[in-house]
Amino acid sequence: MNIQQLPGNANDLGATWDGQGTNFAIFSENATRVELCLFDDDDKETRYELGGVYNFVWHSYFTHVKPGQRYGFRVHGPFDPEHGHRFNPNKLVLDPYAKAIAGNVTAGQSIFGYTWFQEEQDLGCNIEDSASAMPKCVVVDPLFDWQGDERPNTPWNETVIYEMHVKGFTHQHPKVPKRLRGTYAGLAHPAAIKHFKSLGITAVELMPIHHFHAKPSYLVNKGLSNYWGYDSLNYFAPHSGYSSIGELGEQVKEFKTMVRSLHAAGIEVILDVVYNHTGEGNHMGPTLCFRGIDNAAYYRLVEGNERYYMDYTGCGNSLRMSHPQVLKLIMDSLRYWVQEMHVDGFRFDLASALARELFEVGTLATFFDIIHQDPVISKVKLIAEPWDVGEGGYQVGKFPLLWSEWNGKYRDTVRDFWRGEDSTLGEFALRLTGSSDLYEGTGRRPHASINFITAHDGFTMRDLVSYNDKHNEANGEDNRDGESHNRSWNCGAEGETDEPEILQLRIQQQRNFLATLMLSQGVPMLLAGDEMGRTQYGNNNTYCHDDELSWLNWDLSKERKDLLRYTQKLVKLIKDHPVFRRRDWFHGREIYGSGIRDIGWFNLDGVLMHDEWTAGYVKTLTVLLNGEEIATPNKMGEQVIDDSFLLMFNAHYEPLEFALPRRFRDSENTDWSERKWRLLIDTKEGFVKRRKTYKKKDKVAVAARSLIVLESRRLARD
């Protein structure tokens with residue numbers, strides 16, 4: 001192959017193929033020299049010095065370099081860790097803008113910029129070459145037949161999110177062909193889509209799929225791996241380990257095919273993105289990408305002691321969000337995934353860290369300003385994990401317009417309520433109705449609250465009701481890792497048991513959690529597998545387990561099948577009834593005030609709540625959702641009329657009798673004491689088959705630790 005090197009341009013970072021050749025461009029503010037390294041099929045390396053430099057972008061154009069070509073860079077400059085510079089041309093580094101990456105990092109001495117066990121360790125330069133231990137970037141052809149792909153554009157108030165792991169979801173699925181299990185193609189298989197559709201979810205939220213460091217040394221030494229993927233090495237390339245058809249760029253087309261298939265089924269794709277840190281770790285970490293390209297530009301270093309990294313993530317480093325090139329990198333990445341890969345939104349891991357321009361988290365940080373005005377990113381779904389590990393990092397309710405948030409207060413309050421902790425009903429009522437105390441004052445709507453009870457990080461829902469304590473011994477850290485305060489309750493026995501009463505209570509508690517999640521205002525997020533009782537046997541931090549502990553088990557017992565059907569019916573219920581997916585807030589001045597026309601709150605006697613709101617010992621509540629008083633019209637401007645519902649919560653340890661609401665009238669002067677109510681759900685058994693009807697002075701028997709849902713059909717209007 002007769003490759004000719006031409007000047008090229010600095011406008012398009014990464015490797016850009018134009019049909020005749022490829023332009024390569026990489027940013028480095030402090031480098032003195034940059035070499036492009038091309039690798040043939042025998043892994044033989046050929047180096048070319050990039051001749052053009054413009055605005056710190058090193059670039060050249062190479063004829064006859066085509067898609068499938070593997071490459072990397074060697075960047076020259078000062079090796080001076082004490083002043084923040086860690087250039088080492090003996091280390092092959094990845095292109096931050098590569099669209100595909102082949103292979104994984106091989107653990108060993110060569111990938112580190114310093115020599116192990118020497119005095120002052122990272123201050124000494126290691127000259128061992130790392131190319132053979134490094135994955136290689138791949139030139140790709142961006143052309144793809146989207147076949148008229150259309151985004152579902154599901155309104156926020158109709159969204160139901162399913163948080164899941166690409167590999168873990170299908171790796172053991174018996175109806176997915178073995179060669180496709182655990183891959184993007186597996187996720188697009190009809191068997192996977194059938195589950196999504198039957199469940200009724202409208203969006204999958206994929207745990208990290210940016211190419212990540214899968215085999216860090218500290219895990220390899222213990223026979224474990226980075227399963228979750230929260231150690232990105234690149235923000236453009238889909239992780240090659242999830243591809244069924246190869247690594248030389250094919251994973252890009254496979255990912256696009258997956259998105260196209262999910263969109264055709266009406267399912268949106270949301271990516272969990274990790275822009276707060278990278279997989280290179282702290283000052284003792286390997287040199288794989290950003291560290292070797294320009295450590296001082298890409299990372300936030302300790303002022304006056306630049307050998308060390310500021311760490312707001314607990315992962316060793318934090319990206320330098322105040323640097324224009326870092327902001328450009330992230331925005332370019334986001335636009336790429338929306339425009340080229342057709343994804344529908346993002347969940348930002350440890351989003352508070354992105355707002356740290358100096359030391360404090362600010363809602364007017366540059367990053368959020370840029371997002372707000374961007375014509376592409378501002379139109380997709382944006383979800384923040386609103387905390388980091390730094391001081392003042394817990395920012396639930398403080399993100400700006402356009403943003404929804406993982407609502408950790410919702411999770412904690414609902415967990416405490418159903419395990420019988422003394423807590424105020426006022427707090428529970430706020431979480432149930434969308435957390436207006438957190439979001440209404442900033443102009444946001446109930447969909448700003450992403451409601452969840454479990455997520456990938458922590459207990460599964462089954463384990464939440466089966467374990468008081470974490471059991472992470474398999475992680476090799478003497479059970480020190482993972483959250484210790486889980487707000488869980490084992491229902492009377494720790495872990496697996498054969499006691500029928502305990503098993504019945506655990507199923508009942510799972511039904512309570514699932515019903516509360518789905519019937520709350522805001523956007524429900526379900527953790528994959530919770531709909532069918534998945535367990536991790538008490539491990540609440542399975543980040544390092546690419547095995548049966550993390551993969552979904554599709555061999556369902558009768559109990560697990562019943563729970564799946566129950567969840568399917570719950571999702572159908574909220575999709576059929578707009579009173580559960582309101583677009584705006586309830587209109588009462590206070591949640592316990594009189595004269596509220598769209599919602600009512602009642603005690604055991606059917607009387608409007610008053611003093612009970614602040615009494616921590618009270619664990620019962622009746623909520624009336626008036627479907628005939630939904631103030632916000634639908635998207636066609638038409639008034640929305642729905643059935644009405646009574647939710648009777650009993651978190652007490654004994655069964656109780658609830659009276660139907662009395663002395664409550666809506667704006668149409670309807671006397672609710674005259675309404676008839678049909679039993680729909682009793683979490684002691686699930687959706688009831690014989691729907692008993694209640695009226696006027698009837699009492700409703702509500703079992704201990706259970707929830708009753710009653711329905712009243714809408715009245716005819718002239």
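This is a predicted model: local features need pLDDT of at least 70, side-chain atom pairs count only at pLDDT 80 or more; totals for chains, interfaces and linings use all residues.

**Aromatic pairs and their surroundings**

Analyst: A search of the whole structure finds 44 aromatic pairs. Rings of Phe, Tyr and Trp (its six-membered ring) pair if their centres lie within 6.5 Å; planes under 30 degrees apart count as stacked, over 60 as edge-to-face and the rest as tilted. Residues are numbered from 1 along each chain as its sequence is written, and side-chain values use heavy atoms, leaving out hydrogens and water.

User: Which parts of the chain does the pair of Tyr184 and Phe255 link?

Analyst: Distant ones. Tyr184 is in helix H2 (residues 184-187) and Phe255 is in helix H5 (residues 250-264), 71 residues apart. Helices (H or I, at least four residues) and strands (E, at least two) are DSSP runs, numbered from the N terminus.

User: Are Tyr184 and Phe255 buried or exposed?

Analyst: Buried means under 20% relative accessible area, exposed over 50%, partly exposed in between (1.4 Å probe, protein chains only). Both Tyr184 and Phe255 are buried.

User: What does H5 pack against?

Analyst: Contact means heavy atoms within 4.5 Å. The buried residues of H5 pack against strand E11 (101-102), H2, helix H3 (190-199), strand E14 (203-206), strand E15 (268-273) and helix H7 (324-339). Among those buried residues are Val252, Phe255, Met258 and Leu262. After H5 comes Gly266, with a positive phi near 80°.

User: Which residue has its charged end over the ring of Phe39?

Analyst: A charge sits over a ring if NZ of Lys or CZ of Arg is within 6 Å of the ring centre and within 35 degrees of the ring normal. Over Phe39 it is Lys136, 5.0 Å from the ring centre. Lys99 lies over the face of Phe236, at 5.1 Å from the centre of that ring.

User: Now a strand. Which residues lie on each side of E17?

Analyst: In a regular strand the side chains alternate between the two faces of the sheet. In E17 (residues 381-384), Lys381 and Ile383 lie on one side, Leu382 and Ala384 on the other, and all are buried.

User: Which strands pair with E17?

Analyst: Two strands pair if DSSP finds at least two bridges between them. Strand E16 (residues 345-348) runs parallel to E17, joined by four bridges. There, Arg347 stands opposite Ile383. Strand E18 (residues 403-406) also pairs with E17 in the parallel sense, over three bridges. Here Leu382 faces Trp403.
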